[in-house]
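Subject: Structure handover and findings

Dear colleague,

Please find the structure we discussed below. My notes come after it.

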Amino acid sequence: MDESRSYKPEGFNSVIISDDTVFDKNLFTMPDEDYSEIDHICVPEGLIKSRVEKLAQNIYDDYAECSKVRRLQIFVIMNGAFQFFSDVERYIKKVREYKAQRLEYDVHFIKIKGYVNTESVLEKIDDAVLPEELIKGKDILIVEDVYDSGNLMDILYKHIHKFEPNSVKSAVCVYKCNPKNLKFDFQPDYIGFAVPGDKFLVGYGMDYNEHFRDLSHICVISKEGIEKYREI
Ligand SMILES: O=P(O)(O)OC[C@H]1O[C@H](OP(=O)(O)OP(=O)(O)O)[C@H](O)[C@@H]1O
């Protein structure tokens, strides 16, 4: 394994974006003002939507029956996951139209900030941010835009398990095959795309110092973009 780049996930139930998959930004629509700050498109919008629809169906099938007994508690980790969750929920509603059983759920938007520039700085989650009453005895689904170093998910799972949930699963749009995350021996339950770990991604909710969240495609930022929006 070349640890300086990324590793190939084995047994992942996800779409795998390989090291050499590069979608030319000239072949897709993109706002002019973001153009030079984006190197290329990693996952185009249409592919994202198709994959998220299937994830929503998987989540529905797994939880609809038990949600009659315990309503599923969905924790959306803000801000990055808002776009992903918005599509997951839209497709859950679509699935509901042709399923006999209804998926019962509550949504909680949880604000946790992990990154400054390109470094993960999160150390713990305060009990006030995610209190015991939201967790104890519940079935929990964490919704995240990206699993990168694994630091945030590791801290989040430790925090949640402290308060004895009935079950915990996680759905991530992008799993970055980052050698740093191997130390956690963790695999999210629902993964949209497995992406090479050396790509710094923006768009579809993902930001670089709060820029680019509104891009429709998942994109790789250019060197120019990194320099332009770097925080001191
Ligand atoms: O696996 P990790 O290396 O811990 O990274 C994952 C986290 O990093 C990003 O959050 P960020 O701090 O950028 O905040 P945001 O959600 O507001 O974008 C992303 O949304 C995840 O929450």
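This is a predicted model: local features need pLDDT of at least 70, side-chain atom pairs count only at pLDDT 80 or more; totals for chains, interfaces and linings use all residues.

Residues are numbered from 1 along each chain as its sequence is written, and side-chain values use heavy atoms, with hydrogens and water left out.

**Cores**

A nonpolar core here is a set of buried Ala, Val, Leu, Ile, Met, Phe, Trp, Tyr and Cys residues joined through side-chain atoms within 4.5 Å. Buried means under 20% relative accessible area, exposed over 50%, and partly exposed in between, with a 1.4 Å probe and protein chains only. The largest such core has 37 residues, and Cys42, Phe84, Leu141, Leu201 and Ile218 have the most contacts inside it. At least two residues of this core come from each of strand E2 (38–43), helix H1 (45–63), strand E3 (72–78), helix H2 (82–96), strand E7 (139–147), strand E8 (167–177), strand E9 (190–196) and strand E11 (218–221). H1 gives the largest share, seven residues. A second, separate core has 26 residues, including Phe12, Ile110, Ile135 and Ile142. Helices (H or I, at least four residues) and strands (E, at least two) are DSSP runs, numbered from the N terminus.

Contact means heavy atoms within 4.5 Å. Not counting residues up to four places away in sequence, Leu141 touches Ile59, Tyr63, Leu72, Gln73, Ile74, Phe75, Lys169, Ser170, Ala171 and Tyr190.

**Cavities**

A cavity is a set of points, on a 1 Å grid over the protein atoms alone, where a 1.4 Å probe fits but cannot get out; lining residues have an atom within 4 Å of a point. Grid points are joined across faces, edges and corners, and a volume is the space filled by probe spheres set on the points. The structure holds two cavities of 30 Å³ or more.

**Buried residues**

Lys176 is found in strand E8 and counts as buried because its relative accessibility is 4%. Its side chain makes a polar contact with the side chain of Asp148 at 3.4 Å. A polar contact is a pair of N or O atoms within 3.5 Å; within protein, one must be able to donate a hydrogen and the other to accept it, and residues adjacent in sequence count only if both atoms are side-chain atoms. Beyond four places in sequence, the residues that Lys176 touches include Val146, Tyr147, Val195, Pro196 and Leu201.

Ser222 sits in the loop between E11 and helix H4 (223–228) and is buried, at 9% relative accessible area. A polar atom of the Ser222 side chain lies 2.9 Å from the backbone oxygen of Ser36. Leaving aside neighbours within four places in sequence, Ser222 is in contact with Ser36, Glu37, Ile38 and Asp39.

Ser14 lies in the segment before strand E1 (15–16) and is buried, with a relative accessible area of 15%. Ser14 and Ala194 are 180 residues apart in sequence, yet 6.4 Å apart in space, C-alpha to C-alpha.

Ile112, in the loop between strand E4 (105–111) and strand E5 (115–116), is also buried, at 9% relative accessibility. Among the residues that Ile112 touches, beyond four places in sequence, are Ile77, Met78, Leu122 and Leu152.

**Backbone**

Most residues other than glycine have a negative phi, and most peptide bonds are trans. Met78 and Asn79 are joined by a cis peptide bond, with omega about 10°; Asn79 is in the loop between E3 and H2. Asp185 has a positive phi, near 45°, and lies in the loop between E8 and E9. Asp185 counts as exposed because its relative accessibility is 75%. Glu210 also has a positive phi, near 70°, in the loop between strand E10 (201–202) and E11. At 44% relative accessibility, Glu210 is partly exposed.

Regards

Methods:
On a 1 Å grid over the protein atoms alone, a cavity is a set of points where a 1.4 Å probe fits but cannot get out, and a pocket is an open set with protein on both sides within 12 Å along at least five of seven lines; lining residues have an atom within 4 Å of a point.
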